[in-house]
Every structure is written in structure tokens, then in C-alpha cells.
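Here's a quick briefing to read with the model open beside you.

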Amino acid sequence: MSDTSMAINEHARIRLAIIQQKYGKRLAQGASGADAADRRGRFKSDFRRILADIFAPTFKAIGDELAASGHACRIEHDVGEQTPSIEFHVLLRGVPADANNLIRLFYNAEAEGDGEVIAEVNVHQTLTELTRFRALSRITQEVAEQMCVDAIEHIFAVNAR
């Protein structure tokens with residue numbers, strides 16, 4: 001093989017320098033462990049904001065609808081070992097008060113990458129996973145509402161047996 005190196009033109013060389021300057025720092029940070037901890041911290045912080053701005057008001061509004069039919073609800077933040085978290089306890093009329101009917105979302109500390117949120121419904125000590133979120137941008141008011149209503153349907157169906 002002969003050495004047929006060729007010089008790139010000035011325009012391409014300048015663009016390469018700009019690209020490296022623009023993205024090089026981010027690439028270097030992505031490879032460092034400290035940045036991974038920062039990203040996890042941001043993920044948890046963003047999840048706390050989503051709990052306060054999306055889930056808490058959604059759970060309250062749905063709880064108000066259920067209360068109009070004689071049921072009750074309770075919302076608790078950061079209970080248990082896995083935080084941030086939120087629990088939406090559904091207290092159905094005609095079902096013993098100690099029945100465990102709840103919807104829970106929590107940060108999964110064991111997840112790889114930036115983080116993960118697990119949503120589950122617990123009916124009479126039986127857990128059913130609803131979904132997992134790795135991209136918090138996918139959690140909208142509509143997603144939260146639909147997920148909650150689906151979980152409440154499951155709670156009603158199991159308790160009506």
C-alpha cells in the first residue's frame with residue numbers, strides 16, 4: 001500500500017474544527033462517571049417536577065371525580081424506599097378500608113443510564129406494572145390521565161369480583 005494521504009480543503013478543515021469544538025465537550029462529559037451522576041440527578045429533579053406539575057394535579061382531579069360518586073382517595077409523596085415517588089390510594093365505597101388499592105410511580109435507582117420511572121398498580125397486594133419511562137418528555141397530562149384511568153378500571157374490576 002502506498003501512502004496516498006491527501007490534504008482536505010480549508011473549508012472542510014474549518015468545519016471539522018467547529019464540529020469538534022461544538023460536540024467534543026459533551027462527548028468527553030458523557031464518558032466521565034461524574035457526568036452520569038449529574039444526569040441521574042437531573043433526571044430525578046425533572047421527575048420530581050413532573051410529579052408536582054402533572055401527576056399530583058391529575059390524581060387530585062380524578063380523586064375529585066371519584067369522590068363525587070362516594071369514593072375517597074389519598075395522595076402521598078416519597079413514601080417507601082424508592083424516591084422520588086407518588087402513591088395514589090383509591091378508597092372504594094363498599095370495599096374494606098384496609099384494602100390495598102393504589103397506583104404508584106417511583107424512580108428506579110437500579111436502572112441503567114440516566115434513570116427510569118416505573119408505574120404500577122397494586123390491588124390486594126398483587127402488583128401489576130403499568131409502564132416504564134426512560135424519556136420523561138413522553139410524560140404528558142394526557143398520558144398521566146389515561147394511565148391513571150386504566151389503572152382505576154383495573155382496581156374497580158378486581159374489587160368487583
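The notes below go through the sheet, its strand pairs, one alanine and a helix.

Keep in mind that this is a predicted model. Its sheet is open and has five strands, in the order β1-β2-β3-β4-β5, with antiparallel pairing. The helix picked out here is α3, covering residues 141-159.

**The sheet as a whole**
- If you walk across the sheet, you go β1, β2, β3, β4, β5, and the pairing is antiparallel.
- At the edges sit β1 (72-77) and β5, each of which pairs on one side only.
- Ignoring direction, neighbouring strands in this sheet are turned by 15° against each other on average.

**Strand pairs inside it**
- β2 (residues 85-91) runs antiparallel to β3 (residues 101-107), and five bridges join the two.
- Within that part of the sheet, Phe 88 has Ile 103 of β3 standing opposite.
- β4 (residues 117-123) and β5 (residues 126-133) are also an antiparallel pair, this time over seven bridges.
- Val 123 has Thr 126, in β5, as its bridge partner.
- β4 and β5 make a hairpin, with two residues between them.
- Check His 124 in that turn: its phi is positive, at about 55°.

- Ala 119 belongs to strand β4.
- Is Ala 119 buried or exposed? It counts as buried because its relative accessibility is 0%, and the cut-off for buried is under 20%.
- Leaving aside residues up to four places away in sequence, Ala 119 touches Arg 104, Leu 105, Glu 129, Leu 130, Thr 131 and Met 147.
- Glu 87 is 32 residues from Ala 119 in sequence, and their C-alpha atoms are 9.9 Å apart in space.

**Helix α3**
- How far apart are the end C-alpha atoms of α3? They are 27 Å apart, which agrees with the 27 Å that 19 residues should span at 1.5 Å a residue.

Notes
Residues are numbered from 1 along each chain as its sequence is written. This is a predicted model: local features need pLDDT of at least 70, side-chain atom pairs count only at pLDDT 80 or more; totals for chains, interfaces and linings use all residues. Side-chain values use heavy atoms; hydrogens and water are left out. Helices (H or I, at least four residues) and strands (E, at least two) are DSSP runs, numbered from the N terminus. The expected span of a helix is 1.5 Å times one less than its number of residues. Two strands pair if DSSP finds at least two bridges between them. Buried means under 20% relative accessible area, exposed over 50%, partly exposed in between (1.4 Å probe, protein chains only). Contact means heavy atoms within 4.5 Å. Axes are lines fitted to C-alpha atoms, for helices over the stretch in contact, and angles run from 0 to 180 degrees between N-to-C directions.
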